[in-house]
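Reader: I would like to learn how to read salt bridges in a model. Could you walk me through them?
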Amino acid sequence: MIQRLGLLAALLAAPALALGQTTTAAGTITIAESSGQQSPPTVNIDECQGSTADNLTFTFTASALTTGATYRLQASDQASCPSTISGNSAHTVDVASSISSSTPTVTYPAAGSAAVGVTSLVSNLGISCTGSATAIYFCLTQVGTDPAIATNILASGTLTLDLLRPAPPAVNAPTAGESALTVSWSTGSASDAGTAGTATSYDVEVTAAADPSDKHTTSVTGSLSARVGGLANGTLYDVVVYARTAGGNRSDASQAVQGTPVQVTDFWRGYKDAGGRDKGGCGAGAGGLLALAALLPFLRRSRRERS
(Lines give C-alpha, C1' and ligand atoms only; values in the text may rest on other atoms or scores of the structure.)
Protein backbone atom coordinates (compact mmCIF):
# COMPACT_ATOMS: atom_id res chain seq x y z
CA MET A 1 0.00 0.00 0.00
CA ILE A 2 2.85 2.39 0.89
CA GLN A 3 4.58 1.64 -2.41
CA ARG A 4 1.37 2.45 -4.34
CA LEU A 5 0.98 5.77 -2.50
CA GLY A 6 4.60 6.66 -3.33
CA LEU A 7 4.03 5.87 -7.02
CA LEU A 8 0.83 7.94 -7.07
CA ALA A 9 2.66 10.94 -5.51
CA ALA A 10 5.40 10.70 -8.13
CA LEU A 11 2.84 10.65 -10.96
CA LEU A 12 1.05 13.67 -9.51
CA ALA A 13 4.35 15.55 -9.23
CA ALA A 14 5.39 14.81 -12.83
CA PRO A 15 3.25 17.54 -14.47
CA ALA A 16 4.62 20.11 -12.03
CA LEU A 17 8.17 19.06 -12.88
CA ALA A 18 7.44 19.24 -16.58
CA LEU A 19 5.92 22.70 -16.15
CA GLY A 20 9.01 23.86 -14.23
CA GLN A 21 11.34 22.59 -16.95
CA THR A 22 9.60 24.71 -19.60
CA THR A 23 10.79 27.89 -17.85
CA THR A 24 14.26 28.55 -19.27
CA ALA A 25 16.75 30.21 -16.96
CA ALA A 26 17.76 33.64 -18.23
CA GLY A 27 20.98 33.72 -20.22
CA THR A 28 23.64 36.39 -20.17
CA ILE A 29 24.40 39.49 -22.21
CA THR A 30 28.13 40.19 -22.37
CA ILE A 31 28.91 43.85 -23.11
CA ALA A 32 32.14 45.13 -24.65
CA GLU A 33 33.25 48.74 -25.12
CA SER A 34 35.12 50.06 -28.14
CA SER A 35 37.13 52.32 -25.83
CA GLY A 36 38.84 49.24 -24.42
CA GLN A 37 37.64 49.88 -20.89
CA GLN A 38 38.43 47.31 -18.20
CA SER A 39 36.26 44.31 -17.42
CA PRO A 40 33.51 44.60 -16.36
CA PRO A 41 32.87 47.47 -18.77
CA THR A 42 32.38 50.86 -17.12
CA VAL A 43 31.23 54.13 -18.70
CA ASN A 44 32.93 57.21 -17.26
CA ILE A 45 31.94 60.87 -17.53
CA ASP A 46 33.95 61.59 -20.69
CA GLU A 47 32.47 58.55 -22.47
CA CYS A 48 28.98 59.49 -21.33
CA GLN A 49 29.33 63.05 -22.59
CA GLY A 50 30.97 61.97 -25.85
CA SER A 51 34.35 63.68 -25.42
CA THR A 52 35.74 60.13 -25.56
CA ALA A 53 34.03 58.06 -28.26
CA ASP A 54 32.60 54.80 -26.97
CA ASN A 55 30.41 52.20 -28.71
CA LEU A 56 28.92 49.00 -27.35
CA THR A 57 28.83 45.44 -28.68
CA PHE A 58 26.52 42.79 -27.18
CA THR A 59 26.91 39.03 -27.16
CA PHE A 60 23.83 37.01 -26.14
CA THR A 61 24.22 33.52 -24.73
CA ALA A 62 20.96 31.72 -23.96
CA SER A 63 19.86 28.14 -24.54
CA ALA A 64 16.36 29.40 -25.43
CA LEU A 65 17.51 31.17 -28.62
CA THR A 66 15.80 29.50 -31.57
CA THR A 67 17.10 29.33 -35.13
CA GLY A 68 15.05 31.60 -37.36
CA ALA A 69 13.44 33.55 -34.52
CA THR A 70 13.90 37.30 -34.03
CA TYR A 71 14.66 39.07 -30.78
CA ARG A 72 14.35 42.49 -29.21
CA LEU A 73 17.12 44.14 -27.18
CA GLN A 74 16.02 46.78 -24.70
CA ALA A 75 17.87 49.15 -22.40
CA SER A 76 16.55 50.60 -19.17
CA ASP A 77 17.57 52.53 -16.09
CA GLN A 78 15.63 49.94 -14.08
CA ALA A 79 16.36 46.24 -13.54
CA SER A 80 14.27 43.83 -15.65
CA CYS A 81 13.46 46.67 -18.12
CA PRO A 82 9.89 47.36 -16.88
CA SER A 83 7.52 49.42 -19.02
CA THR A 84 5.96 51.15 -15.99
CA ILE A 85 6.90 51.70 -12.36
CA SER A 86 4.12 52.55 -9.90
CA GLY A 87 2.08 54.02 -12.72
CA ASN A 88 4.92 56.23 -13.98
CA SER A 89 6.62 55.69 -17.33
CA ALA A 90 10.00 54.03 -16.90
CA HIS A 91 13.00 54.81 -19.07
CA THR A 92 13.05 51.66 -21.19
CA VAL A 93 13.93 51.96 -24.87
CA ASP A 94 14.51 49.59 -27.78
CA VAL A 95 18.14 49.21 -28.79
CA ALA A 96 17.26 46.75 -31.57
CA SER A 97 13.89 45.23 -32.46
CA SER A 98 14.75 42.49 -34.97
CA ILE A 99 17.89 40.54 -34.09
CA SER A 100 18.08 37.21 -35.92
CA SER A 101 19.34 34.06 -34.23
CA SER A 102 21.02 31.12 -35.92
CA THR A 103 22.99 29.79 -32.92
CA PRO A 104 22.67 29.90 -29.12
CA THR A 105 25.28 32.69 -29.13
CA VAL A 106 24.63 35.87 -31.14
CA THR A 107 26.63 39.12 -31.41
CA TYR A 108 25.01 42.49 -32.06
CA PRO A 109 25.60 44.64 -33.99
CA ALA A 110 27.08 42.47 -36.71
CA ALA A 111 30.27 43.57 -38.45
CA GLY A 112 29.58 46.53 -40.73
CA SER A 113 26.36 47.49 -38.95
CA ALA A 114 25.72 50.79 -37.18
CA ALA A 115 27.31 50.92 -33.74
CA VAL A 116 25.40 51.41 -30.49
CA GLY A 117 26.81 54.69 -29.20
CA VAL A 118 27.00 55.31 -25.46
CA THR A 119 26.18 59.03 -25.73
CA SER A 120 22.96 58.55 -27.70
CA LEU A 121 21.94 55.64 -25.49
CA VAL A 122 22.17 57.57 -22.21
CA SER A 123 20.43 60.52 -23.87
CA ASN A 124 17.51 58.32 -24.99
CA LEU A 125 17.23 56.98 -21.46
CA GLY A 126 17.20 60.46 -19.96
CA ILE A 127 20.31 59.77 -17.89
CA SER A 128 22.39 62.79 -16.85
CA CYS A 129 26.15 62.38 -17.27
CA THR A 130 26.64 64.41 -14.09
CA GLY A 131 23.92 62.62 -12.14
CA SER A 132 23.91 59.70 -9.73
CA ALA A 133 22.81 56.84 -12.04
CA THR A 134 25.00 53.77 -11.55
CA ALA A 135 23.91 51.29 -14.23
CA ILE A 136 22.10 50.62 -17.50
CA TYR A 137 20.21 47.33 -17.66
CA PHE A 138 19.76 45.32 -20.87
CA CYS A 139 17.10 42.69 -21.59
CA LEU A 140 16.64 40.31 -24.52
CA THR A 141 13.14 39.03 -25.35
CA GLN A 142 11.65 37.22 -28.34
CA VAL A 143 9.61 39.36 -30.72
CA GLY A 144 5.93 38.47 -30.28
CA THR A 145 6.13 38.15 -26.50
CA ASP A 146 5.38 40.90 -24.02
CA PRO A 147 8.78 42.41 -23.03
CA ALA A 148 7.21 43.86 -19.89
CA ILE A 149 6.76 40.37 -18.41
CA ALA A 150 9.94 39.45 -16.56
CA THR A 151 9.59 35.72 -17.28
CA ASN A 152 9.93 36.48 -21.00
CA ILE A 153 13.47 37.83 -20.55
CA LEU A 154 15.82 35.33 -22.19
CA ALA A 155 19.09 37.09 -21.34
CA SER A 156 20.14 40.11 -19.30
CA GLY A 157 23.22 42.19 -18.63
CA THR A 158 24.35 45.34 -16.85
CA LEU A 159 26.61 48.21 -17.89
CA THR A 160 28.16 50.12 -14.97
CA LEU A 161 28.03 53.91 -15.00
CA ASP A 162 30.79 55.77 -13.12
CA LEU A 163 29.58 59.39 -13.19
CA LEU A 164 31.27 60.91 -10.13
CA ARG A 165 34.70 62.50 -9.90
CA PRO A 166 36.88 61.75 -6.85
CA ALA A 167 37.92 64.47 -4.41
CA PRO A 168 41.46 65.89 -4.86
CA PRO A 169 44.05 64.17 -2.65
CA ALA A 170 45.78 65.97 0.22
CA VAL A 171 49.54 65.85 -0.47
CA ASN A 172 52.33 65.89 2.12
CA ALA A 173 55.68 67.59 1.63
CA PRO A 174 57.84 65.25 -0.48
CA THR A 175 60.95 63.51 0.84
CA ALA A 176 64.13 64.30 -1.08
CA GLY A 177 66.27 61.50 -2.45
CA GLU A 178 69.04 60.89 -4.95
CA SER A 179 67.61 62.26 -8.23
CA ALA A 180 64.14 61.49 -6.87
CA LEU A 181 61.28 62.65 -4.70
CA THR A 182 59.09 60.36 -2.60
CA VAL A 183 55.54 61.69 -2.47
CA SER A 184 52.78 60.62 -0.08
CA TRP A 185 49.18 61.76 0.27
CA SER A 186 45.82 60.99 1.83
CA THR A 187 42.48 60.57 0.09
CA GLY A 188 40.39 63.71 -0.25
CA SER A 189 37.08 64.16 1.52
CA ALA A 190 33.67 64.38 -0.15
CA SER A 191 33.35 67.96 1.05
CA ASP A 192 36.17 68.86 -1.34
CA ALA A 193 34.12 67.90 -4.39
CA GLY A 194 30.49 67.54 -3.39
CA THR A 195 29.37 63.92 -3.80
CA ALA A 196 32.69 62.30 -4.70
CA GLY A 197 33.49 59.03 -6.44
CA THR A 198 35.81 56.51 -4.82
CA ALA A 199 39.48 56.87 -5.80
CA THR A 200 41.17 53.62 -6.87
CA SER A 201 44.38 54.97 -8.46
CA TYR A 202 46.49 58.12 -8.52
CA ASP A 203 48.59 60.12 -11.00
CA VAL A 204 51.63 61.92 -9.57
CA GLU A 205 53.02 64.83 -11.62
CA VAL A 206 56.43 66.34 -10.82
CA THR A 207 57.36 69.44 -12.86
CA ALA A 208 60.49 71.59 -12.68
CA ALA A 209 59.45 74.98 -11.33
CA ALA A 210 61.67 76.82 -13.83
CA ASP A 211 60.94 74.56 -16.82
CA PRO A 212 57.34 73.31 -17.34
CA SER A 213 58.54 71.02 -20.14
CA ASP A 214 60.57 69.03 -17.57
CA LYS A 215 57.64 66.94 -16.35
CA HIS A 216 57.69 63.45 -14.82
CA THR A 217 54.50 61.41 -14.25
CA THR A 218 53.87 58.12 -12.55
CA SER A 219 50.63 56.26 -11.75
CA VAL A 220 49.99 53.96 -8.80
CA THR A 221 47.14 51.67 -7.76
CA GLY A 222 46.50 50.46 -4.24
CA SER A 223 49.03 52.82 -2.62
CA LEU A 224 49.12 56.31 -1.12
CA SER A 225 52.77 57.01 -1.98
CA ALA A 226 55.09 56.92 -4.97
CA ARG A 227 58.77 57.51 -5.75
CA VAL A 228 59.39 59.64 -8.85
CA GLY A 229 62.91 59.23 -10.22
CA GLY A 230 64.91 60.66 -13.10
CA LEU A 231 65.01 64.14 -11.52
CA ALA A 232 67.92 66.59 -11.37
CA ASN A 233 69.58 67.08 -8.01
CA GLY A 234 69.38 70.66 -6.77
CA THR A 235 66.39 71.51 -8.97
CA LEU A 236 63.15 72.73 -7.41
CA TYR A 237 60.08 70.76 -8.50
CA ASP A 238 56.35 71.35 -8.13
CA VAL A 239 54.33 68.26 -7.16
CA VAL A 240 50.60 67.63 -7.63
CA VAL A 241 48.55 64.45 -7.36
CA TYR A 242 45.30 63.51 -9.13
CA ALA A 243 42.90 60.77 -8.04
CA ARG A 244 41.05 58.48 -10.45
CA THR A 245 37.96 56.31 -10.02
CA ALA A 246 37.66 52.76 -11.35
CA GLY A 247 36.02 54.10 -14.50
CA GLY A 248 38.79 56.62 -15.08
CA ASN A 249 37.23 59.87 -13.84
CA ARG A 250 40.02 62.21 -12.78
CA SER A 251 39.85 64.63 -9.86
CA ASP A 252 40.97 68.22 -9.82
CA ALA A 253 44.63 68.67 -8.91
CA SER A 254 45.69 68.49 -5.29
CA GLN A 255 47.32 71.48 -3.68
CA ALA A 256 50.85 71.95 -5.04
CA VAL A 257 53.87 71.14 -2.86
CA GLN A 258 57.56 71.54 -3.67
CA GLY A 259 60.68 69.48 -3.23
CA THR A 260 64.32 69.42 -4.34
CA PRO A 261 66.23 66.16 -4.96
CA VAL A 262 69.68 66.01 -3.32
CA GLN A 263 72.76 63.90 -3.75
CA VAL A 264 72.78 61.19 -1.13
CA THR A 265 76.18 59.73 -0.16
CA ASP A 266 75.97 56.44 1.69
CA PHE A 267 78.67 55.19 4.06
CA TRP A 268 80.47 52.99 1.53
CA ARG A 269 80.56 55.69 -1.17
CA GLY A 270 81.83 58.23 1.39
CA TYR A 271 84.49 55.77 2.53
CA LYS A 272 85.73 55.22 -1.04
CA ASP A 273 85.64 58.96 -1.81
CA ALA A 274 87.74 59.57 1.30
CA GLY A 275 90.48 57.25 0.01
CA GLY A 276 89.43 53.92 1.46
CA ARG A 277 90.97 50.97 -0.42
CA ASP A 278 89.56 48.06 1.52
CA LYS A 279 87.33 45.70 -0.49
CA GLY A 280 85.37 44.56 2.52
CA GLY A 281 85.90 42.24 5.46
CA CYS A 282 87.83 42.80 8.66
CA GLY A 283 91.34 43.28 7.26
CA ALA A 284 91.24 47.04 6.90
CA GLY A 285 94.77 48.48 6.66
CA ALA A 286 96.14 51.87 7.65
CA GLY A 287 94.68 53.45 4.53
CA GLY A 288 91.28 52.17 5.52
CA LEU A 289 91.61 53.56 9.03
CA LEU A 290 92.64 56.96 7.71
CA ALA A 291 89.67 56.91 5.34
CA LEU A 292 87.36 56.05 8.21
CA ALA A 293 88.78 58.92 10.24
CA ALA A 294 88.20 61.23 7.28
CA LEU A 295 84.61 60.07 7.19
CA LEU A 296 83.78 61.11 10.72
CA PRO A 297 83.03 64.77 9.86
CA PHE A 298 80.85 63.57 7.00
CA LEU A 299 78.92 61.24 9.30
CA ARG A 300 78.41 64.01 11.89
CA ARG A 301 77.24 66.43 9.19
CA SER A 302 74.92 63.80 7.70
CA ARG A 303 73.44 63.19 11.13
CA ARG A 304 72.86 66.90 11.69
CA GLU A 305 71.16 67.26 8.27
CA ARG A 306 68.74 64.46 9.11
CA SER A 307 67.79 65.97 12.47
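Author: Gladly! A salt bridge is a side-chain nitrogen of Lys or Arg within 4 Å of a carboxyl oxygen of Asp or Glu. The general idea is that side chains of opposite charge can pair when their charged atoms come close. A word on the source: this is a predicted model, where local features need pLDDT of at least 70 and side-chain atom pairs count only at pLDDT 80 or more, while totals for chains, interfaces and linings use all residues. Residues are numbered from 1 along each chain as its sequence is written, and side-chain values use heavy atoms, with hydrogens and water left out.

Reader: How many salt bridges does the structure hold?

Author: The structure holds 4 of them. One is formed by Arg-244 and Asp-203, whose closest N and O atoms are 2.7 Å apart.

Reader: Where in the chain do Arg-244 and Asp-203 lie?

Author: Helices (H or I, at least four residues) and strands (E, at least two) are DSSP runs, numbered from the N terminus. Arg-244 belongs to strand β18 (residues 237–244) and Asp-203 to strand β15 (residues 201–208), so this pair links distant parts of the chain, 41 residues apart.

Reader: Is Asp-203 buried or exposed?

Author: Buried means under 20% relative accessible area, exposed over 50%, and partly exposed in between (1.4 Å probe, protein chains only). Asp-203 counts as buried, at 7% relative accessibility, whereas Arg-244 is partly exposed at 25%.

Reader: What can you tell me about Arg-250 and Asp-203?

Author: Those two also form a salt bridge, with the closest N and O atoms 3.6 Å apart. Arg-250 sits in the loop between β18 and β19 (257–259), and Asp-203 in strand β15, so the pair ties together parts that are 47 residues apart in sequence. Arg-250 is partly exposed, with a relative accessible area of 25%.

Reader: Which residue does Lys-215 meet in a salt bridge?

Author: The partner of Lys-215 is Glu-205, at 3.9 Å from N to O. Lys-215 is in strand β16 (residues 211–221) and Glu-205 in strand β15, 10 residues apart. Lys-215 is partly exposed at 46% relative accessibility, while Glu-205 is buried at 13%.

Reader: Which residues do shared partners join into one network?

Author: Asp-203, Glu-205, Lys-215, Arg-244 and Arg-250 are joined by salt bridges that share partners.

Reader: And what is the wider setting?

Author: The chain has 5 helices and 19 strands, and buried residues make up 34% of its 307 residues.
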